[in-house]
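Me: I'm new to this structure and would like a close look at one part of it. Could you start at the metal site and take me on from there?

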Amino acid sequence: MNTNRYIIIEKEKKTAILYNSKNLKQILNIHSTYNVGDIYLGQVVNILNNLNVAFIKLNKWKQNGFMILKDEYYFNNNLRLGEDIVVQIMKEQVGKKGPTVTRNIILDYENVKIYPYSRDHVVFEKKFNFSEKQCLKTVTTLLKPKKVGIEIKKKGKRINIWQVIKNLRNLEKKSILIEGKIRKINCSPYLISPRQEIIDIILKKKLIEKDTVIITQSKTESLKIKKKLISSQIKKNKIYIEYCNEKLSRNYPCYLEYLIRALLKPSIKLNNGGHIIIEKTEALTSIDVNSGGFNKLKSSRETILWVNLAATKEIINQLKLRNISGIIVIDFIDMINQNDQLSLLEYLDKQLRLTLSGSKIIQISEIGLVEIIKQREERNIYDMFTKQCQACQGLGYKRNGKLSNKLPEYFMELSSIFG
Ligand SMILES: [Zn+2]
């Protein structure tokens with residue numbers, strides 16, 4: 001088999017890993033409760049008008065979703081407490097903050113989006129030429145369901161009108177199905193859209209290319225995936241779906257665990273002896289580049305630049321794998337030579353633009369720290385696979401010595417004096 005793209009799916013952990021040319025490229029994990037695109041019949045449980053937000057109960061036991069009211073201007077009726085409303089998850093939850101929801105529901109497939117509850121509108125992307133627009137106009141006038149918004153985007157060089165028609169019809173069917181379900185439901189909160197599986201996310205992100213091998217744990221699982229691929233109209237040429245033998249299947253979760261743990265570790269070795277340390281806090285991520293083995297003072301200019309360049313490549317790779325976003329501060333090994341500083345910055349800038357979408361250099365501080373910003377796309381690896389450590393309550397360190405949990409009696413007295 002002539003391929004170098006593998007997607008390994010682990011059902012139990014709701015996780016998939018993607019390899020390209022033997023390199024780990026991406027790790028995907030589906031949230032156990034809330035996923036972007038899910039549609040719920042939710043219940044309004046709190047309205048904070050001064051903050052412009054409302055809280056919507058989506059699940060009896062899990063966090064409530066929150067809705068930013070000023071973004072919902074189209075639905076500008078006054079929400080009532082206890083009211084049932086149909087909402088869609090537009091942003092995943094971050095840490096303790098629940099997912100962001102909206103009433104402006106979008107159903108989309110490939111180049112077509114429909115808004116079943118929005119104002120009646122038809123929008124074509126600007127990139128279409130005149131004749132394409134005329135053609136689309138005819139199609140949408142004939143086929144558009146009433147009181148629905150439609151947006152059509154250009155993907156690829158030419159528009160395939162038949163594909164647009166097909167997508168439009170499928171989305172309309174989907175919307176009717178959802179509508180029917182809403183009418184039948186008599187208890188909220190309720191998940192209306194089908195529960196997403198990891199394969200749905202893989203399809204949505206278009207991660208399956210030609211010559212991809214998808215490896216699953218069992219025959220039943222591989223058959224299920226085959227069905228999904230067929231129903232999602234994906235071109236079937238040269239996609240291989242395999243399942244591993246029983247022994248391998250049993251060892252599979254261990255292997256995944258090993259990968260995840262490696263990705264959670266702060267320290268990463270570089271091939272040339274140096275290493276980087278990635279530390280994530282709530283506000284920002286700091287990355288320290290260390291020369292490691294060699295003595296900084298004795299090292300040549302070239303060696304230091306070389307370690308910094310290698311570190312840059314690994315940093316970008318790790319940011320991608322770990323899905324780290326927000327402010328990232330990098331402390332490179334000091335370089336005195338200005339030309340070296342410039343080459344490093346140029347290299348970093350180029351690599352960011354090429355391989356890390358939504359990222360850029362913000363500033364370089366006086367003491368040589370480089371600040372990057374990266375737009376948030378999805379949960380980072382820490383949100384996916386960790387929770388706060390109960391032993392140290394997030395401190396990350398253990399206090400020296402033996403500690404008694406019981407407070408001495410005079411403590412209360414002292415604390416009343418010193419506050
Ligand atoms: Zn701890």
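Reply: The zinc ion has Cys389 (SG) and Cys392 (SG) as its protein donors, and they lie 2.2 to 2.3 Å from it. Donors here are N, O and S atoms within 2.8 Å of the metal (3.2 Å for Na, K and Ca), and water is not among the atoms, so sites may look incomplete.

Before going on, keep in mind that this is a predicted model, where local features need pLDDT of at least 70 and side-chain atom pairs count only at pLDDT 80 or more, while totals for chains, interfaces and linings use all residues. Residues are numbered from 1 along each chain as its sequence is written, and side-chain values use heavy atoms, with hydrogens and water left out.

Back to the two cysteines. Cys389 is partly exposed, at 39% relative accessible area, whereas Cys392 is buried, at 17%. (Buried is under 20% relative accessible area, exposed is over 50%, and partly exposed is in between, using a 1.4 Å probe and protein chains only.)

Now for the second largest pocket. Its lining takes in 35 residues, and Lys280, Glu282, Tyr382, Thr386 and Gln388 are the ones nearest its centre. A pocket is an open set of points on a 1 Å grid over the protein atoms alone, where a 1.4 Å probe fits and protein lies on both sides within 12 Å along at least five of seven lines; lining residues have an atom within 4 Å of a point. Strands β17, β18 and β19 and helix α8 (381-385) supply at least two lining residues each, and β17 gives the most, with three. Helices (H or I, at least four residues) and strands (E, at least two) are DSSP runs, numbered from the N terminus.

Those strands belong to an open, mixed sheet of six, in the order β16-β17-β18-β19-β21-β20. β16 (267-269) and β20 (359-364) are its edges, each pairing on one side only. Two strands pair if DSSP finds at least two bridges between them. β16 runs antiparallel to β17 (residues 275-280), with three bridges joining them; Ile268 has Ile276 as its bridge partner in β17.

Helix α6 (residues 301-321) packs on this sheet, touching β16, β17, β18 (284-290) and β19 (326-331), at about 150° to β18. Contact means heavy atoms within 4.5 Å. Angles run from 0 to 180 degrees between N-to-C directions, with axes fitted to C-alpha atoms, for helices over the stretch in contact.
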